[in-house]
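Here is a short walk through a complex of chains, for a reader who likes to keep the viewer open alongside the text.

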Amino acid sequence: MSDSLSSIVPGGSQDRWAGRRVGPGVSLKDCRPTRRRVWRDRRNTFLVSLAVGITMIPVVMILYQITAKGIATMDWEFLTSSMPLSFRREGGGFLNGLVGTFIMVGLASAVSIPFGVLAAVYLVEYGKKNWLAKLIRFFSDVMTGVPSVFVGLFVYTALVIEFGFGALMGAASLAIIMMPIIVRSTEEMLKLVPQELKDASYALGAAKWQTVIKIILPSAAPGITTGVMLAVARAAGETAPLILTALGSYQLTAKLWGKPMSSLTLAIFDGARNPFAAGQARAWAGALELLIIVLVFTIAARLVASRSRISR
Amino acid sequence: MIVKKTHKGPAAVLVLVLLVIGLVGVAAAGCGEAADLPAAGGSDTTASGTAATTAGSGGQSAPLTASLNGAGATFPEPLYIEWIGEFQAANPEVTINYQGIGSGGGIEQFTKLTVDFGASDAPMKDEEVTAAEAAGGAKVLHIPTVFGAVVLAYNLEGIEGLKLDPGTLAAIFLGTITSWNDAKVAALNPGVTLPDKPIQVVHRSDSSGTTSIFTGYLAQVSSEWADTVGGGKEVQWPVGIGGQGNDGVAAVVQQQAGSIGYVELSYATESGLTMATLQNQAGNFIIPSLESTSAAAVGVEFPEDLRFSVSNSTGEQAYPIVGATWILVYEKMKDAAKVDALKAWLTWSLNEGTAIAEELGYAPLSEELKALALAKIESISTF
Amino acid sequence: MRWPRSNPSAPSRVISTTKSASPWQRRGVGRRADSLFVILAASSGVLILLVLAWMVVSTTGTALPVFGSQGISFITSSEWSPSDGEFGALAFIYGTVITSVIALLIAIPLSLGVSLFLTEYSPKRLKTPIGYAIDLLAAVPSVIYGLWGVFILLPLFLQPTADFLAKYLGFIPIFKGPASGLSYFGAGVILAVMITPIITSLCREVFATVPNADRHAAYALGATKWEMIRQSVLPRGRAGIVGAIMLGLGRALGETIAVALLIGSAVRIDVSWLRPGYSMAAVIANQFQEATGDHIRALVGVGVVLFALTILINMGARALVWRFNRI
């Protein structure tokens, strides 16, 4: 650090600075940086702002265009009917996909939320720093980085080969994706519960499990909810694992296994590869539908977090 | 430290929301399913693409009751879907699911016995027939349904009716002609200002009967193509962007300026793509259409098993790249109800379905060929 | 009422397991329930480990026949011909790596810029909206990126840029035409948009931990803003930044849908970035639905290779970020 600083500290080895003699009685005016340094600073400020500007463009574009194109096709019929016989036909909607998403995300949440929260409870309250907890933490982190298509492949090899495609398989893959996210975020929230609260509970004679269920979890509930909602939003937006497990279908169905099920994301994916105007129009409306769902959950998560003032 | 009031609210809200989601989902699906699927039993699961939906409504019961599954070519898919829809409307107790996964996939599924019928634009090779007959325990029947044209759809603004000849076409797909304003292309299109744009070739990324028809034609007209690439459902394309299914290729041509790709006729017309005019063996430049497709099927010798090619036909007004498409069935099947339904559907489609076929640009079979096909259908029976 | 401050290092077990006056504990009910509860909680945690282990075993097992029959050529050959039983995944590995490299080239400067802006330059009232915008980018599902990429980004930006690059820089092999927006380049750009929010948020956290004293020290010595950043902020966060980049890379490697729609689906290796190609995740998504038998096993095998690659990168990244962030 000293090397580069010597160029800016006045009165350095040469008693000269920016071409001016520096000596006793040097005024603050002489401590201005050289023009080159100023230019460099200004240039970098510009570059940084440019980066921000460039990054903001996709956000604005995506929001605007999906809304504009989606609104054009989104109507009551779209929201309440399923795919027509073929992609070329006008009309119809993505109800089969919407229902599929609800069912599979609902099932996945039903499994991943309790197990995820319990695992986090273990990490914070019981395991803390022991070898098992460290292992679980590390591999949870690793799991969040596993490509979702691979999770789909796993569920295919482990379950679909035996039992066929279906909603349960899709839900299984979503649960695997959601669980590490929930574990990690819940862990962070549980750590914030003040020790005094727990001590008070123990002092009043409560057992540990009672403390967890009645005091710790409710206290961290807003934060946990935030994490869970973000995980749900993520699961609702997944496509690749569902291609391999639920397969996709034109039909509206509630059969949970043995029969392929669609999801909103799968329907949009098919629409994106379509040359037919009707199919593409439906894809945009479906994208708007999906975006709204995801945004609602994401924004709700933030609201819950900020309302209870749990900050990270 | 002030003891905080525990916030049970958000957690309860979340649980409530999820419950509602789950309930709404199941309820909606329950209602939906009851209306959509009058027939009992779900479809067989196969490792293949999306299933066609049923249009069936309630109504009086019909004598035919069955649930059929088919898979295969995307080439005739638009037509089969219409045929299925119409037939189901008249026979509400019949459900037919057709999945467009490409001819190769169709033959595979058919051989694996996961579908009741397959569909392919490439007739099964001898080895494939032997394998299928061993698997199904019965003879394999090729039922031709329609003729379709493989057109070259391209994306060049303002240029209609681009003319191409076989040699130039092969060169484009070999990657030797790379620019639209190449001398050879310009020579075929006098008076048209071709842009100085690179040619983007588009081909199929999946195993396809359409590819088989197209590459078979190229192998016939270009010895260079026959030597380097050859024909088949899947080939090693020297250049080009891949599209999944006929609709995928059409989509890519739509998206990519300056591109050219091969698709079945109705995909091009329905997607608003311009088609190239090809020079046929007689030397005439032919616009792809229903008439020129039918003209290609005239004067062809039909072998007994009805596996034939109508590629590069000699007819004066024949469009050069035409192929038949077949439905693959076993001569004997186990389920009597399925046999009846299948025979009824196929017979109906070959007779009453010709109007729909023509509307979509597929050429119906000639009377002679139709008689042969109907005879084959008749011979389907139970074990 | 202020509770007496308890010693944070004192184990809380001291309070709960002594022979206290609690009627629950005297009766032993609490104890048994406690043990049950611990077991339940621990099992949930172990579940993750089991699933991960099962994942590796199940997929590798399914792919083993193909690995056996193809041998090392599975990852060294680019001959991929399912109907002939030839499975060489090199083209996909190549495509995955190239698109991720392109994505990083674009995303790293952008992310560093945005995160520096947010921590060092931004006026207070811009911080929240821009922060929200970044979170929004992170929340958009990848299929929507794909849809937008194909119908909007492709004609508006990808194709013109690709044509431009091929026209003026076409003598450089990586920019040789004929150029297509549906190429490694197109996939790389959309990946860049997708991983920028990840790298940005992580870098933000990294930069936020730099103590203000360090910043002020640099200013006090007369540094300009950029010099301050270079002296005080960037060096301290180096490990974290690298970790963030590697996490972004891990995400880019595994991204499926947006890449499948924009990469051009061509099974070949091309030196030019402006030509169509394929990636591991994309080929799985595209070819799976019509694949049967050995073809499916080969696709699972491609998935295993992808998993191995991603895990390596992610574990390395976590180690780096861990070292930086945690105890």
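What pLDDT does chain A average, and what share of the residues score at least 70? Please keep in mind that this is a predicted model. Chain A averages a pLDDT of 84, with 88% of the residues scoring at least 70. Among the elements of chain A, the lowest mean pLDDT, 48, belongs to helix H1 (residues 2–5) of chain A, and the highest, 92, to helix H7 (residues 167–191) of chain A. Residues 11–15 of chain A stay under 50 in pLDDT, and the model has seven contacts beyond four places in sequence for them.

Chain B has a mean pLDDT of 81, and 84% of its residues reach 70 or more.

## Chains A and C, one by one

Chain A holds 12 helices and two strands. Followed along the sequence, its pattern reads α-β-β-α-α-α-α-α-α-α-α-α-α-α. Chain A has 312 residues, of which 59% count as buried. If you take the contacts in chain A between residues at least 6 apart in sequence, 73% of them join residues at least 24 apart.

Turning to chain C, you will find 14 helices and two strands. Of its 327 residues, 54% count as buried. For contacts in chain C between residues at least 6 apart in sequence, the share that joins residues at least 24 apart is 74%.

## Where the chains meet

The contact between chains C and A takes 81 residues from chain C and 83 residues from chain A. On the side of chain C that touches chain A, the largest share, 20 residues, comes from helix H3 (residues 29–70) of chain C. Sorted by class, this side of chain C has 52 nonpolar, 25 polar and four charged residues.

Chains B and C meet through 28 residues from chain B and 23 residues from chain C. On the side of chain B that touches chain C, the elements giving two or more residues are H3, strand S7 (241–243) and helix H9 (245–255) of chain B. That side of chain B divides into eight nonpolar, 15 polar and five charged residues.

## A three-stranded sheet in chain B

Three strands of chain B form an open sheet in the order S5-S10-S11, and the pairing is mixed. Strand S5 (163–164) and strand S11 (285–286) of chain B are the edge strands, each pairing on one side only. Strand S10 (residues 277–279) of chain B pairs with S11(B) in the antiparallel sense over two bridges. You can look for Gln279(B) here: its bridge partner in S11(B) is Phe285(B).

## Loop residues worth a look in chain B

Most residues other than glycine have a negative phi. Leu113(B) sits in the loop between helix H3 (103–111) and strand S3 (117–120) of chain B, and it is partly exposed, with 13 other C-beta atoms within 10 Å. Leu306(B) has a positive phi too, about 60°. Its place is the loop between helix H11 (290–296) and strand S12 (322–330) of chain B, and with 18 other C-beta atoms within 10 Å, Leu306(B) is partly exposed.

Pro195(B) lies in the loop between helix H6 (183–188) and strand S6 (200–204) of chain B. It counts as partly exposed, with 14 C-beta neighbours inside 10 Å. Leaving aside neighbours within four places in sequence, Pro195(B) is in contact with Leu156(B), Trp180(B) and Asn181(B). Ile81(B), 114 residues from Pro195(B) in sequence, is 39 Å from it in space, C-alpha to C-alpha.

Key. Residues numbered from 1 in each chain as written. Chains lettered and ligands numbered in written order. Predicted model: local features only at pLDDT ≥ 70, side-chain atom pairs only at ≥ 80, totals over all residues. Helix = DSSP H or I, 4+ residues; strand = E, 2+ residues; numbered from the N terminus. Buried ≥ 20, exposed ≤ 12 C-beta atoms within 10 Å, placed from the backbone. Contact = placed C-beta atoms within 7 Å. Nonpolar A, V, L, I, M, F, W, Y, C, P; charged D, E, K, R; others polar. pLDDT = per-residue confidence, 0-100. Pairing = 2+ DSSP bridges.
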